[in-house]
Amino acid sequence: MKTLSKLAVISTFLFTTSVFAHGDGHGEVDKKKILQAAQTSAKALTFKDKGMSVGKLDGSWNKVAKDNFTIVEETRDGILVKATNAQNHQTLLFMVSKTGKVMEVKDEKMFKHEHGHAH
């Protein structure tokens, strides 16, 4: 019985800690987390088409440095991140939620056409 009560206390503590640590839209957006999400997404898209507008990316996106990922704009829907791949001369735009989930990835050329202007 003591083991069960200790487990319950530990579980409650872990749950409470994760709830307070998540920062789901409360306060400042973690820009490093947003940029990391975009970079991780670019690398993942070199292996498989994840249903994003860009489809599967060529392998050169695995080598794009995090310095080539920059936050362009913060909207009510999320954060727009721009990434430039000098090797293949491609620029992608990542829409990342404020919690760090990549919602869409588009080629900048396609984005300009749909959006009406460049960022």
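I looked up Lys82 to start: at 22% relative accessibility, Lys82 counts as partly exposed (buried is under 20% relative accessible area, exposed over 50%, partly exposed in between, with a 1.4 Å probe and protein chains only). I note that this is a predicted model, where local features need pLDDT of at least 70, side-chain atom pairs count only at pLDDT 80 or more, and totals for chains, interfaces and linings use all residues. Residues are numbered from 1 along each chain as its sequence is written, and side-chain values use heavy atoms, with hydrogens and water left out.

Next I checked the partner of Lys82. Its side chain meets that of Glu108 in a salt bridge, 3.4 Å from N to O (a side-chain nitrogen of Lys or Arg within 4 Å of a carboxyl oxygen of Asp or Glu). This pair links distant parts of the chain, 26 residues apart, with Glu108 in helix H3 (residues 108–115) and Lys82 in strand E2 (helices, H or I, of at least four residues and strands, E, of at least two are DSSP runs, numbered from the N terminus). I found Glu108 buried, with a relative accessible area of 13%.

I counted three salt bridges in the structure. Glu74 pairs with Lys98, with the closest N and O atoms 3.6 Å apart. I read Glu74 as partly exposed at 46% and Lys98 as partly exposed at 30%. Arg76 pairs with Asp77 at 3.3 Å between the closest N and O atoms; Arg76 is exposed at 76%.

Last, I looked at Ala83, in strand E2 (residues 79–85). Ala83 counts as buried because its relative accessibility is 0%.
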